[in-house]
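Thanks for making time this morning.

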Amino acid sequence: MTVPELTVQDIEVFIDGTGPNTVVMIHGWPDTHRLWDATVETLKGQHRCVRFTLPGFDPQQPARATALTDMTALFGAIVQAVSPDQPVTLLLHDWGCIFGYEFAARHPDQVERIVAVDIGDHNSAAFASSLTGKAKWQIFSYQCWLAVAWWTGRHIHAALGDRMTRTMAGRLRCPTAPESIGWPMNYPYAMQWFGLMGGFRGAAPVEPACPLLYLYGERKPFMFHSPQWLERIAARPGSAAQGFRTGHWVMVEQPGAFNQRVRSWLNPADA
């Protein structure tokens, strides 16, 4: 079992590997820092790999819903602790992308590069226009279910909230072990649909100023990015986008190809 290197705001931070550059890995729903195990093994020979479990996502810890401003402040404190003199690379997935993009928008001086997985311009007009009516209903259905599961677990019955959450995780073919999934992980959906803690009303448009590698799964009922997002990335020097024949969890379904693509982008000499 990996031992945490330090604790920041009661969040355990794990650091593996050595190298001149630091990669901060941020997972999404319904995962923990263990999502990045294989990626760490690939990168740790050349990079310092930093990871942690988002507040409220550790099944061994109490529920901890975290507002957008507080989440970005937590990221800033972790980055300052692990790399006080040099900006970092962010490796993001799912809600990690949404919170990570916001951190990069608020603190561009602390972010050198971004690798984002499967979530692109989620809050743009172009993305909303790209969705069919069916896709919009599918997104609303699963996300609202999870938001209700959070409310149920918080206010009515925790076990019922857990069952609702695990049922949806199974329908979405989530690779995370069901016993590790619980209702406290759903608070970002309550933020999105119920406006919990102010929701995401103040979130900045997703327009990273730094180089970006965007990797996404192609075998999904709908994308989490617009066609214009891919065009913008392709037109930016130093940035790239690539689709994989996977679902949402690219790093789990094709770990070898995914990890090698990330490594080659971070280290062009290895390509």
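Strand 7 and strand 8, the latter covering residues 240-244, pair in the parallel sense over five bridges, where strands are DSSP runs of E with at least two residues and helices are DSSP runs of H or I with at least four, numbered from the N terminus, and where two strands pair if DSSP finds at least two bridges between them. Within that pairing, Leu213 has Ala240 of strand 8 as its bridge partner. This is a predicted model, so local features need pLDDT of at least 70 and side-chain atom pairs count only at pLDDT 80 or more, while totals for chains, interfaces and linings use all residues. Residues are numbered from 1 along each chain as its sequence is written, and side-chain values use heavy atoms, with hydrogens and water left out.

Strand 7, helix 8 (residues 227-235) and strand 8 together make a right-handed β-α-β unit, meaning that, with the strands pointing away from the viewer, the path from the first strand over the helix to the second runs clockwise.

How many of the six residues of strand 7 are buried? Six of the six, in residues 212-217, are buried, so the strand is largely enclosed by the rest of the structure; buried here is under 20% relative accessible area, exposed is over 50%, and partly exposed lies in between, with a 1.4 Å probe and protein chains only. Both faces are covered, with Leu212, Tyr214 and Tyr216 on one side and Leu213, Leu215 and Gly217 on the other.

Strand 7 also pairs with strand 6, again in the parallel sense, over four bridges, and there Ala116 stands opposite Tyr214.

That brings me to Asp118, which lies in the loop between strand 6 (111-117) and helix 4 (125-130). Asp118 counts as buried because its relative accessibility is 0%. Its side chain makes a polar contact with the side chain of His248 at 2.5 Å, a polar contact being a pair of N or O atoms within 3.5 Å, where within protein one must be able to donate a hydrogen and the other to accept it, and residues adjacent in sequence count only if both atoms are side-chain atoms. Leaving out residues up to four places away in sequence, Asp118 touches several others, including His93, Tyr214, Tyr216 and Lys220, where contact means heavy atoms within 4.5 Å.

Finally, Ile114, with neighbours within four places in sequence set aside, is in contact with residues including Leu90, Tyr101, Leu212, Leu213 and Trp265.
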